[in-house]
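Please look over the sequence and the model below before reading on. The paragraphs that follow move from one side chain to the wider fold.

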Amino acid sequence: MIYPKPCPSKSLDTLADELGDIRREMRELKAKSDILRRAIIEARPNGAVTGERFELVILKSQRRTFNHSALPNHIRTNERYWHTAQQATVVTKPVQAPAQAILPLPVAAAPVEEEFDVLEPF
């Protein structure tokens, strides 16, 4: 994976706007990806499907999850069984333009704060 180099010459407000734009695009692409994924799974292909640029195969797997609520209380509350770590989360939310710069619009829903962490398996 190629990571971009830091942009120290850009101001923080510019970085905030760029990050917010990218996250909005990612949400839109994720929603589109989910729709396509559902359509492909519902079509139930019997093997690989090859398009002009990509081939897809549906792989099925199982995973086990840990049911924390099933643990005895003396384990859930004992700190020696848990590890605590700190992490920084960057929250982005849209900013409304100054009142004099916009025309009256219908009342829209309040902007939703978004927390976004990308976790990749190693």
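Is aspartate 34 buried, partly exposed or exposed? Aspartate 34 is partly exposed, because its relative accessible area is 27%, where buried means under 20% relative accessible area, exposed means over 50%, and partly exposed covers what lies in between (1.4 Å probe, protein chains only). This is a predicted model, in which local features need pLDDT of at least 70 and side-chain atom pairs count only at pLDDT 80 or more, while totals for chains, interfaces and linings use all residues. Residues are numbered from 1 along each chain as its sequence is written, and side-chain values use heavy atoms, with hydrogens and water left out.

The pLDDT, which is the predictor's confidence in each residue on a scale from 0 to 100, has a mean of 82 over the protein, and 72% of the residues reach 70 or more. Where pLDDT is low, the predicted coordinates should not be read in detail.

The protein contains two helices and four strands, where helices (H or I, at least four residues) and strands (E, at least two) are DSSP runs numbered from the N terminus. Read from the N terminus on, these elements follow the order α-β-β-α-β-β. Of the 122 residues, 4% count as buried, and the protein exposes about 12700 Å², of which carbon and sulfur atoms supply 58%; such accessible areas come from the Shrake-Rupley method with a 1.4 Å probe, and for residues only the protein chains shown count as cover. Among contacts (heavy atoms within 4.5 Å) with a separation of 6 or more, 38% are accounted for by residues 24 or more positions apart.

Helix α1 covers residues 12-43. Its 32 residues should span 46 Å at 1.5 Å a residue, and its end C-alpha atoms are 46 Å apart, which agrees; the expected span is 1.5 Å times one less than the number of residues. Alanine 16 belongs to this helix and is partly exposed, with a relative accessible area of 45%. The C-alpha atoms of alanine 16 and lysine 93 are separated by 9.5 Å, although the two residues are 77 residues apart along the chain.

What charged pairs does the model show? The structure holds three salt bridges, each being a side-chain nitrogen of Lys or Arg within 4 Å of a carboxyl oxygen of Asp or Glu. In one of them, aspartate 34 pairs with lysine 30, with 2.7 Å between the closest N and O atoms. Lysine 30 and aspartate 34 are separated by about one helical turn, because they are four residues apart in helix α1. An α-helix has 3.6 residues a turn, so residues three or four places apart point the same way. Aspartate 21 and arginine 24 form another salt bridge, at 3.3 Å from N to O, and both lie in α1, three residues apart, about one turn of the helix. Aspartate 21 is partly exposed at 34%, and arginine 24 is partly exposed at 37%. Glutamate 18 and lysine 10 also form a salt bridge, their closest N and O atoms being 2.7 Å apart; glutamate 18 is partly exposed at 30%, as is lysine 10 at 33%.

After α1 comes arginine 44, whose phi is positive, near 50°, in a residue other than glycine. Arginine 44 sits in the loop between α1 and β1 (49-50) and counts as exposed, because its relative accessibility is 69%.

A nonpolar surface patch of about 300 Å² is made by Leu36, Ile40, Ile41 and Ile58. Patches are made of residues with over 30% relative accessible area and no salt bridge, with like charges joined within 9 Å and nonpolar side chains (Val, Leu, Ile, Met, Phe, Trp, Tyr) within 5 Å. Isoleucine 40 is found in helix α1 and is partly exposed at 31% relative accessibility, whereas isoleucine 58 is found in the loop between β2 (55-56) and α2 (73-76) and is partly exposed at 33%. Leaving aside residues up to four places away in sequence, isoleucine 58 touches Ile40, Ile41 and Pro45.
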